[in-house]
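User: I have a model open and want to go through a few local features. Can you take my questions as they come?
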Amino acid sequence: MGHYVVLWCVSAFHRTGHVCRGDSTTHRKAFPVLSFNYDHVKTPFEISLWILLALLMKLGFHIIPRVSSIVLESCLLIVVGLLIGGIIKAIKQTAPVLDSKLFFLYLLPPIILDAGYFLPIRPFTENMGTILVFAVVGTLWNAAFIGGMMYGVCQIEGAQLGHVDLLSCLLFGAIISAVDPVAVLAVFEEIHINELLYILVFGESLLNDAVTVVLYHLFEEFSHAGIVTVGDAFLGVVCFFVVSLGGVMVGTIYGILGAFTSRFTSHTRVIEPLFVFLYSYMAYLSAEVFHLSGIMSLIACGVTMRPYVEANISHKSYTTIKYFLKMWSSVSETLIFIFLGVSTVAGPHAWNWTFVIFTVILCLVSRVLGVMGLTYIINKFRIVKLTKKDQFIVAYGGLRGAIAFSLGFLLTNNEMKNMFLTAIITVIFFTVFVQGMTIRPLVELLAVKKKEESKTSINEEIHTQFLDHLLTGIEDICGHYGHHHWKDKYDAYVKRWLIVGERSTEPQLISFYNKMEMKQAMMLVESGSAAKLPTLMSAATLHRRAIPSISKSREEEIRKILRANLQKTRQKLYSYRRHDLVMDPFEDNVSEIRFRRQRAEMEKRVSSNTVIEFVNISSVEVQEISKCLCDCTW
């Protein structure tokens, strides 16, 4: 009987969707074959969609050559952001806004890390004085000039700006005065300007972060307090040094920690790139915790870490770091410009014609006057002077960007915040669209020297490094402790602790040669020319095998000739006095006697045809002579 009840319940379930349990029935839903729950994946899905959209826009920009030759990539991305913001507003949805937390903590660090890790150290250090003058003095001038003149504009009766006080104008001047590194990178890398102008403008945009942060917090505190004393001004100056030097110190500490950690990653190569990213990001966050300059911390961390990390990690890890940083910074830069366009449409705005127009004009005037005045002073101390064309490009390349917008977004006074943000967005659009799009034809018109596309050879790089090595020796001989001397001492001491294996003890010139040789080999592999390498190597091996080896007796004869005729330079150093380079008379007489004796011996050897044999030796023997030359000299 029970079997009949079970069969009846099953058949009833198939017909009615009910389950029978004895005399009672309970309702049960059918198993869901397909369900929809967008809220569960809303945030990561929209982030992925934004990144995908940004990459598609970037891809389309480079596929269509006509667009890329007329419009800058940053301009096109802002236009795309404006269109997206308009669509979102039309369907009455809330548009994502480029708030300060998103920008400073997530989008800006990859761009600065990429710029700092691959920063061209030599042109940056050679022009450090000029960059610091533009970054510190130039930013202070721009902030004071714009803030003071805008306060004068606000006093005009018809402008309806009487509620804006002096401290608020100075705060606005501090926000709008700084050159933006993101905008500079986006524009200058497309026009391929020469390395000097690029490093001047880009270096200024990196180092003026400390000035901008200090001025922003200083004037913000003053505007709330309503009164400024001499002690407050003095503390502001002290704060500048704390913010800048503190940021550099934090970045250097994390850079040394990252380099030291890379000594022990030989057995776990897969995590090597993560240490570079995490130590760098921790340096940025640690600086932000204490309101130090996060940008300068990231730059110091990348510059400190790179030479030692690259000596320890594998070549695959180096390639991973290189391409991941480039990819990460490119995506962040693309999202920043798209978000700028979307935030412009989202608003809110408080438009005041007088305030906006005078802001744009004063930004241009202050930039031109500042560059011309500072260059007049700088050229008195520079060996390579900045020409009028260079000054024009430096002044015209002072672009504003998302940093100014994010600082304005932090303001609390809503009435002035909306007006300031409207003016800031207008200046950003003017500098990116007008100045950014016209700087390329102006560079062509003025015939400004562009960046050479040809890459330097190993020979050029080695000789450049050799000159640094030579200057270090000259500084030691002269008793002058310049930056070459201290750099050599620093590398000699630090390499023992931060570089693992034999590379920690080899001379800097040899390690640099090995690095350049490996770099060129990797470039050949990446360019598809690796198929030629085995042929070249086999030919070189065969050539090496075909060269006859020099006999021991012949080698000893060459050594005797070199020992007898080479000047022993180290013997002259015994009479060296640090502050007196006059030759000792006794030593001069000894050298003269030695020279006469050597000339007499040389004449005897010429008569016995020994020297003739020496001149007519093979190329292999020349190499042996060079080796003997080093041994006899030292």
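Predicted model: local features only at pLDDT ≥ 70, side-chain atom pairs only at ≥ 80, totals over all residues.
User: How many residues does helix α8 have, and how far does it reach?
Analyst: Helix α8 (residues 166-177) has 12 residues, and from its first C-alpha to its last it reaches 16 Å. That is close to the 16 Å expected at 1.5 Å a residue, where the expected span is 1.5 Å times one less than the number of residues. Helices here are DSSP runs of H or I with at least four residues, strands are runs of E with at least two, and both are numbered from the N terminus.

User: Which rings does F172 cluster with?
Analyst: Ring pairs link F172 with F355 and F420. Rings of Phe, Tyr and Trp (its six-membered ring) pair if their centres lie within 6.5 Å; planes under 30 degrees apart count as stacked, over 60 as edge-to-face and the rest as tilted.

User: How many aromatic pairs by that rule?
Analyst: The count is 19 aromatic pairs. One of them joins F240 and F241, edge-to-face, at 5.2 Å centre to centre and 65 degrees between the planes.

User: Why does F240 count as buried?
Analyst: Because its relative accessible area is 18%. F241 counts as partly exposed because its relative accessibility is 45%.

User: Different spot. What does R122 touch?
Analyst: R122, in helix α6 (residues 121-126), touches T464 and D468, leaving aside residues up to four places away in sequence. Contact means heavy atoms within 4.5 Å. R122 is partly exposed, at 33% relative accessibility.

User: And the chain as a whole, how many helices and strands?
Analyst: The secondary structure comes to 26 helices and two strands. Of the 634 residues in the chain, 41% are buried. Among contacts between residues at least 6 apart in sequence, 80% join residues at least 24 apart.

Key:
Residues numbered from 1 in each chain as written. Heavy atoms only, no water. Buried < 20%, exposed > 50% of the residue type's maximum accessible area, 1.4 Å probe, protein only.
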